[in-house]
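Open the model in your viewer and keep the sequence panel beside it. Each stop below says what to select and what is there.

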Amino acid sequence: MSDIDEEKVRNWGLTFSDLISTKLKTNINFKNLAGEEVIYSEFITKNQQSKWISLYEETENQQSMIITIDYKAIIACTNHFFSTNSSGELDHAHLSFTEEFIAQEVCNEILQSFTDNNIAAKFIRNEPELNLVHPFHEDESITVYTYEWTIGSKNFGALNLCHSHVL
């Protein structure tokens, strides 16, 4: 079994939300952690909406990990950072330059959160579309941990951490 388990994901999520809340001066919380095993092709099919997708590799076991963040969460974080509210369009297919900048800053904190929780990982790349990311075979079973991304008490989508559960 993988070294990444629910307890490590829970600790990673707490560290990550603290880091980005501080950096973006916004009250970001991850709630209702849920984990499930799914076939990778089913995960791709179920997650067709616009997402910020980052690919990482856990270096100790050379295990791929995908982090997806709904665009709605990135847009809301950007709006809160610059204007302390989330009014405006939250559902669009492309991020603005500013929203991409915030997403990149969030990615930096993903890697820092892994390091802070003794998970040796390296950043591989970001991709605009999930169907362009192929770290797993289409028929491979993966573990998907999902958090609700909230700002204050309002839900702005989901954060997914996916990895192969068998070495």
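The mean pLDDT of the protein chain is 87, and 92% of its residues reach 70 or more.

Stay on helix 1 and colour its buried residues: V9, W12, G13, T15, F16, S17, I20, S21 and L24. What do the buried residues of helix 1 pack against? Their partners are strand 1, strand 3, helix 3, helix 4, strand 5 and strand 6. Just after the helix, click on K25, which has a positive phi of about 50°.

Next, show the largest nonpolar core, a set of 36 residues. The members that touch the most others are F16, I67, I69, I110, F114, W149 and L159. At least two residues of this core come from each of helix 1, strand 1, strand 2, strand 3, helix 3, helix 4, strand 5 and strand 6. Another core lies apart from this one; it has 13 residues, including V38, I44, I66 and F136. In soluble globular proteins, nonpolar side chains tend to be buried together.

Centre the view on I110. Leaving aside neighbours within four places in sequence, I110 is in contact with W12, F16, Y56, I67 and I69.

Now select E109, in helix 4. Is E109 buried or exposed? E109 counts as buried because its relative accessible area is 10%, under the 20% limit. Its side chain makes a polar contact with the side chain of K23, at 2.9 Å. Beyond four places in sequence, the contacts of E109 are F16, L19, I20 and K23.

Move on to N155, which is found in strand 6. From I110, 45 residues away along the chain, the C-alpha of N155 is separated by 20 Å. N155 is partly exposed, because its relative accessible area is 37%, between the limits of 20% and 50%. Which backbone atom does the side chain of N155 reach? It is the backbone nitrogen of G157, at 2.7 Å. With neighbours within four places in sequence left aside, N155 is in contact with E148, W149 and T150.

Finally, colour the chain by pLDDT. Confidence is lowest in helix 3, with a mean of 88, and highest in strand 5, at 94. Where pLDDT is low, the predicted coordinates should not be read in detail.

Note on methods. Residues are numbered from 1 along each chain as its sequence is written. This is a predicted model: local features need pLDDT of at least 70, side-chain atom pairs count only at pLDDT 80 or more; totals for chains, interfaces and linings use all residues. Side-chain values use heavy atoms; hydrogens and water are left out. A nonpolar core is a set of buried Ala, Val, Leu, Ile, Met, Phe, Trp, Tyr and Cys residues joined through side-chain atoms within 4.5 Å. Buried means under 20% relative accessible area, exposed over 50%, partly exposed in between (1.4 Å probe, protein chains only). Helices (H or I, at least four residues) and strands (E, at least two) are DSSP runs, numbered from the N terminus. Contact means heavy atoms within 4.5 Å. A polar contact is a pair of N or O atoms within 3.5 Å; within protein, one must be able to donate a hydrogen and the other to accept it, and residues adjacent in sequence count only if both atoms are side-chain atoms. pLDDT is the predictor's confidence in each residue, from 0 to 100.
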